[in-house]
Structure formats: structure tokens, C-alpha cells
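Reader: I would like to learn how to read a model of this kind, one feature at a time. Where do we begin?

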Amino acid sequence: MTTTTRIERHHYDVVVIGAGGAGLRAAIEARLAGKKTAIISKSLFGKAHTVMAEGGAAAAMGNVNSRDNWQVHFRDTMRGGKFLNNFRMAELHAKESPQRIWELETYGALFDRTKDGKISQRNFGGHEYPRLAHVGDRTGLELIRTLQQKIVSLQQEDHREFGSYDARIKVFSETTITELLLDGDRVAGAFGYYRESGEFILFEAPAVVLATGGVGRSYKVTSNSWEYTGDGHALALRAGATLINMEFLQFHPTGMVWPPSVKGILVTESVRGDGGVLKNSDGKRFMFDYVPDVFRKQYAETEEEADRWYTDPDNNRRPPELLPRDEVARAINSEVKAGRGSPAGGVFLDIASRRSADEIRRRLPSMYHQFKELADVDITAEPMEVGPTCHYVMGGVEVDPDSGAAFGHVRGLFAAGEVSGGMHGSNRLGGNSLSDLLVFGKRAGGHAASYADGLAARPKVAVDAVEAAVETALAPLQRDTGENPYTLQQDLQAVMGDLVGIIRREGELADALVRLAELRERVAKVSAAGGRRYNPGWHLALDLRNMLVVSECTAKAALERQESRGGHTREDYPAMEPKWRQVNLVCSLEGDHVRLTRKPLPKMRPELIGLFDRAELGKYLTDEELADFDALVADAGEADNR
Amino acid sequence: MSAKRQFRIWRGDETGGDLQDYLVEVNEGEVVLDVIHRLQATDAPDLACRWNCKAGKCGSCSMEINGKPRLGCMTRMSTFGDEETVTVTPLRTFPIIRDLVTDVSFNYEKARETPAFAPPADVAPGDYRMQQVDVERSQEFRKCIECFLCQNVCHVIRDHEENKQAFSGPRYFIRAAELDMHPLDARTDRKEYAQAEQGLGFCNITKCCTEVCPEHIKITDNGIIPMKERVVDRRYDPLVWLGSKIFRRGETPQTSVTTARQGSATSSGATRRGVHSHAGGSHDPRAEAQAQSGVNWDREVPHPTAPAVDDRGRLPLTELTFDRAAAPSPFGDDVTFPLPPEHLNFAHPEQDDKH
């Protein structure tokens, strides 16, 4: 009892866990709805992983090509996700992202412009028209800074009105949440610690928005920062929510593989959009050999046609380097396995021989600057060595598409951004994540606010739950016999990287599950040296348990799904299987153990499925679904004739 | 290709600490942050150090490496000699939390005090039209990754803790400059605000901030100097002054930005720190003595002051009562030109620093 009464307590209406794009947008919305809002940031304010996004934010504004509209964007998104997307989320995303981007301008964002002064839009893999609003290649930084400054401006309003900047919206920087606290099936609060002091902190709040990002730190080669330990995924599971699509991880096709100072750092797809090509060790531009049938119509067959596309996209087909990410990643993997890779186990990405040094520096300033400074590599003079890098998790908390409210048996829990699942299906298109953050961040924040309004009584935090959370958090510090958390993390990364990586096999996945079970025993006994003040070893020891449970979800779901689709490639089941398109794999927690169930995908509304070509649908749908579609078209035709 | 290298890392907290020696493996192509991570995984699991992206994009791993403010992730090991000991210490300007982690909340407080973007009232979202050439000026400053190295190295705060109250630092001068140059920002007093509230006048353009900026933002040349120049333009341009007299416009622009901290600027102008920034016109003996001894960038530069105004916020004279038939000298009547060189706040860029 003495330990829990001394804990710092705060009362809020909405607590947003995560201070990246989705978290900040959700917090802005909750504050605009008049709710007292807390933002929990694992790092300093404004350092979130969103800053790493380079390419841009996809929104069908039609500024560069007026033929673009939400229907085309919706189609591209569904196609990219191999039709496994939650159609309603893809629809909302395509419809609302232009407004969300324009809104950023009213917060002070400065996007690159077209000649007539509108927001410029660039080409990107999988998008039919130039669609990505961008700021050079630092769009993510612009987005996070803009939202950060909008929050400051709201705090300034509150300061004028109430005399305190923190009156209605407060940022708790360098604070980690370890546990969500429940009152029955309702969220009652969140428990965590200040990283700086190691002191505990308790938030009492009826509504919590998860916006914690992804899970990449469980992989050896990853572009993700230390924060990406799947905290939100694990918090949701433990609170009784469910995760979907956890088998789908996006491996960015072009992460640097050499030198080590930049290993895992992404080379933006705009390098390819601006003329960069992939070559193997024989100097061959190999992507022409890897155009899958479903895309054959849209992609060039000769180098000549592909090269013409950069200047005349209306009359030529796209270069195959701009295929969706999973296709490019798979192609690189095949080349490396066939012995045609670079010395460090990647392939060559060459823009130096195709564009002038001046042009490269102008179009890709931070890319140039980054490699020059970090690794002394001059991208205007030599090709880069690139390979697949763990980048993004499509899977996440299963949510209601409109409100972001988590499914499962918990109320008051919302999720937005990378931590939520469904929007991107089996594969995310580049540029869709930044707009996803804004669209669903706003929705989750707004719905969390109205949920808090609708409650008759505030849920109560139970004392024994807090005591248990304190005990769990302190346990690694009190043990001195367990293993070093860094060793455990390396072992976990090895299991996931080697056995649940980009190309998967049944035997390896089964093996991974055995090893993860062993790791679970070891992680339960982890010990951290040192005290509570800013002790990264202790922090990692606490994060490990989240990484482990999320890794188990991924491995289990990957073993279950016997097909290859998007971010999930099974060597033993190389084809896409229409039957599997109708199924989402749902993870939940039963005691300590991950339980996997199958759930049918929601059926697309007629006017949405009507946007597609029958020939295209033929590649994804089962025969019964196609018969339904034909009936639908026939009905519509009759209606037209009447 | 790996070798053992000597590292000295500051370990401790706000109560004190010291440099500790580590012998650590270093591989080809690594940066200082890689080595710190290796230490955490081996000899020093509780070594505190901030980092996020390890790609020079988030500005978290600011530290002082061999005394130079750097990002750990952007400092290649190949830049040191094979036998060179690498000394890593926390940022000196900010209070220590633990090891390499400092309390940078000063910067977030200053960020909150800087007025936010003011959207134009009559332009709907989606109707913003700007030319690329116009947004590029502000975009340069928006490249800032908030590593706070410029704040750390700025001697106005690095050596003078007491200045923290009145001085926002280079990061927030470029924020003000960015908004000032924003094609659609509705506020027109950014420069005056920077002068009156952010302490722009303290900056004596030593360019230390520009030198350490990992994003290579020309903080001084493109941000601070244009802000200073235009503040001077407005405050001392005789035509502007005369125009404001005749058309009764622009009543002492610095009065439009006040904070509780300084009370009413209309009255404070006359009473606040009566030292003029032009050394020639100053009667502060210390400033005079400093000026006599030549250019010394470490000296405390006197505070700039607003002209003495009456309670209506006007200069205490009118065209009728003034003793001359033309505009007064914008530099004050007691200054004659040319100024004696030792009174100038100027150092030739190529001249050797004597101090």
C-alpha cells in the first residue's frame, strides 16, 4: 500500500500513448473537442519515428494530374494490399486524406509547390498518378514539426485563457506506459514510469488512444528506432483487445546494407521514382524479369519504354523499379539467393549514372547529405548497396474502421497509425502511412473524446492492479541472477530475422515458436543492472516482454496462413490463394498464451467493388465472389437500361 | 576489420561524476553511437544516452565528442586517428540528468513562448497558394531537427546562465525568421517580437550556431542577420519614422508584443536597462572600457533599448516642438560620423582573433 499511495497521479479525459503523427493528431482532435488530454511520449517531444518518413503523404488532391480522385486512390490502396484491406478504412482514408493535408497548411506546414502555387505531388510505387505531397525528402519531419507546433499553439491559447500552458493538453516526454488498467471491461487508466527519474506515474482516464507505432526492433536489420518494441500491440492484447494481420510485415526493399554506420537506413523510393535503377552484380537491370502477371499491363517491358516514362508518363508504362514494395523486396531476395548480389549481400541501386550530380543533389538533398555524412558514400558518384529491411508492420489492433475503437472485450481503447491493423491489408503503399496517421489519428482522437463524454461514471483504477504493475516493473532491477537484456534482445532478433523474416517456411516457423517459448522463460527472469534513473538496460528489460508477445503473434499467424500475399511470403506456398483473401487471422491473449482465430473479412459495398475491372478482380476473388460480382454488374446494367 | 579503441565517457548525475575509461571494439564503417551501443550491450548496460533514428534525422543523440558538439550517429569513427582516445561528454549548456543525458527542457519552454503560425483569416484550407521560391526560404529553417547543438554552443547561454530568462537562442530565432518569411503568416511583428521578447539583440553574430548545425542551416546569415537588419530598418529608418508621425501609423511596433514578464513595454522602454547598443553613445563605463580594449566576443554586450517614449508611446517631441526642420538622426544626436573604429561592434571575418 505504501508504494502505491506515493505514485504521482494525474486525471485526464483522454490519454494518448505515442507522440508520433497519429498520436499528436489524435491529441489535437481530443483537445479541440474540449477534453483534457495527455500525450505520452517515449522519447523527447518531436523525435518520434514519423520524422523518418521521407517520400510523402498520399492524398488524391489532383494537383499534378487532375484525373486523380479518391476512387483511384482507393483502388490503388486495395490493389497494393492485395484486397485484404479493410475496405471501409481504405475508403475513408482515400476520401479524407486531402482535407487532412490541407489542414496541415493551416497549422503552418510548407509543402513543395507546383508552378501554379498548389501543393506539389510526386510519383510513388503503386500509385497510379503523382499523389504524394512532399517536402523534399523530409516530409515526415515536416509533418511531426507541424503537429508539434500546432500543439504548442493550442497550449498558447490555453495559457491566455487559463494562465497555464498545460491546462488542457500536456506532453509527458520520456515517459513509458507499461500497463493499461481496467475497471471490468472498461479502460480506467494507464501506468508507467518517467524514464528520466525512474519514478512511477499513474494516469486515470476513461479513454486511451494507442499510437505507439510498430514492432521493428524485434528484427536484426530494421529501419525502426529503439522505441518500436510493439508496446501498443502488447498493451492492447493484455487489455483484452485483438490484433489482426500480424503475419504481414513490410520489408522495405531498399535499406542500406553497407557500411554498418548506415545499415538498415532506408533509401527512399523516390530515388527510384526519380530515375534510380536496380542492378545485380552482373550489371543487369533485373526488375524486368520480376513483373508479376497481375501488374503486367501497367509496367514497361523494355528499358527504352521505362526510360521514356520519366518525361512522358501518359504515353508510356512505368518502369518495373516502381512495382509495389513487396515485389521489389522479393526480386532483390531472389537475385541475392541466386548469387548475383553485392559483396555485402544486397544489390546495387544506381542513380549516379542516370542523373547529373546537380540534379541528384537538388531532388534528393537529405538522401545525398545523409550518406555523405554518415558513411562517406557519394550517391552522385557511386551506386548504393541496398537490400530488404524490416520497415513497417501492417498488422495491429483490430479496430472499428470509423471510430478506431478496439474490438475484443474492452471499451474505451482506441488505436491509430501503425499500431492499428486493417487499413493496409497485406501490404502498405508508400506514402499511405503519413496520410493514415492524419486520417485515423483525427478519427480516434475525436471518438475517444465523445466516448469520454458519453460515460455516466468514470471507471475506477483498482489499487491491487497498480501494485501488481509496480511489482512487474521493478522485478528486473531486483533480480541479479538473470540474463542481460541486450543478449536476450539479440537472441530474439536472430530468431525473428532468420526464421520469421522475409521468406518463410513451415519448418522454420515451427522452430521459431519453440525458440520463442524458450525465450519467454529467459525473459521472465531477465535482470537489469543499475538504478532507476535513466537506465536503458532496465527500460529494455521491460520492453522485451512486449516484443516477445508480439513476435509470437507474428510467428503463429505466419505459420497458419498457407499462401503468399503482400508482406507474407511462404516459400512452401508461393501463390496467392483467393480462399485466404476472405480470412483475417485474429490474435488474442488467453492467460499468457497467444490464441489464433480465423475471422471472415467484411464484404465490400457494391459501389466500391464496382470501381474495379472484372479482369483484375479475377486475380483476387474466389469463383463464388466473382459470380456475385457478375450478378451485381448485370443488375446495374438493367437499372441503367430502364 | 575490428580493433580495440580507447574511449573516455562522462558518467555521473547532477551530483557529480567523472570521465571513465573503456576499451571497446570498433569495426570499420561505424559511428560513435554504434560504439556507445556496444558498450551498453557489454560493459555498461546502464549507460544513459538518448537516441532514436541513428540516421541524423531526429536530433536526439547530441553530445560533445572530443569537446565538439556533435550528433553521435553522424560522427564516423574513421574521422579519428587510430590511436586517438575519443572523449564523450554530455552537452555542457544544459543540466545533467545522467551520463550523456541532459535536461533540455529550456528549449521546449522557449518553443512555447514563441508565437505560433497565424493562419490568414480569409483563406480556406486547400486554397493556400504559394510559389516554390517563396516557401524555400522558410523551408531551410524547417529542416531543423531540434538537436539543440546550436543552443548548446551559443555562448550567450553557455557561459551566462542568467541570460536564459531573456534569450531564446538560435533555434528560436530561426523559428521566428521562418514565420517572418512564411508567405501566408498573418502576423507582421515577428522581427520586433524577436528583438523585444526573444533577446535577438544579445546575439553578436559569432556564427558558432551555424558551424555546429548538422543540417547546415545558415542560421546566422539567412536567419539572424536578416532579422536584425530589418529590425534596424524599421526602428531607425527616418522615412518610416516620419511616415509614422504623419500618418499616425505603426505606433512603436514593439508595444504590440508584451508579456507578463516584462509588463507594459510602453513604459519599460524608458526605464529598462539604460544602455545603448552603440558603444559610442553608451555611458556605461564597463562597456566603454571593453570597447576600448578592442573586439572581445566574450564580453557582455549591453542590452539594446527601445527609444525613450512618453506614456502615449510616442517620442516626447513633435514636428512643432522639434528644434530642427528635418528628421532627427536615427543614430541619436550625440553620435558623430565616422565612429571611432574601436567603438564598432565589428570584426573583420579574416582578421585573427586576438583574444
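**Reading the model**

Author: We begin with a helix in this predicted model. Helix α12(A) is mostly covered, with 20 of its 22 residues buried.

Reader: In what order do the strands of the open sheet in chain A run?

Author: The order is β7-β3-β2-β11-β18 in chain A, 5 strands with parallel pairing. At the edges stand β7 (169-172) and β18 (413-415) of chain A; each has a single partner strand, so one side of each lacks a neighbour in the sheet. From one strand to the next the twist averages 20°.

Reader: Which way do the residues of β11(A) point, and are they buried or exposed?

Author: In a regular strand, side chains alternate between the two faces of the sheet. In β11(A), A:Ala207 and A:Val209 point one way, A:Val208 and A:Leu210 the other way, and all are buried.

Reader: How many residues does each chain bring to the contact?

Author: The size of an interface is often given as the accessible area lost when the parts come together. Here we count residues instead: chain A gives 52 residues and chain B gives 44 residues. Among the elements of chain A that give two or more residues to this side are α4 (87-106), α11 (365-375) and α16 (536-560). The largest share, 8 residues, comes from α5(A). By class, the side of chain A that touches chain B has 22 nonpolar, 16 polar and 14 charged residues.

Reader: What confidence does the predictor give to the complex and to chain B?

Author: For the complex, the ipTM is 0.87 and the pTM is 0.83. Chain B averages a pLDDT of 80, and 66% of its residues score at least 70. Over residues 249-282 of chain B the pLDDT is below 50, and this stretch has 74 contacts in the model beyond near neighbours in sequence. Residues 299-304 of chain B are also below 50, with 14 such contacts.

Methods. Residues numbered from 1 in each chain as written. Chains lettered and ligands numbered in written order. pLDDT = per-residue confidence, 0-100. Contact = placed C-beta atoms within 7 Å. Buried ≥ 20, exposed ≤ 12 C-beta atoms within 10 Å, placed from the backbone. Helix = DSSP H or I, 4+ residues; strand = E, 2+ residues; numbered from the N terminus. Nonpolar A, V, L, I, M, F, W, Y, C, P; charged D, E, K, R; others polar. Pairing = 2+ DSSP bridges. Axes fitted to C-alpha atoms, helices over the stretch in contact; angles between N-to-C directions.
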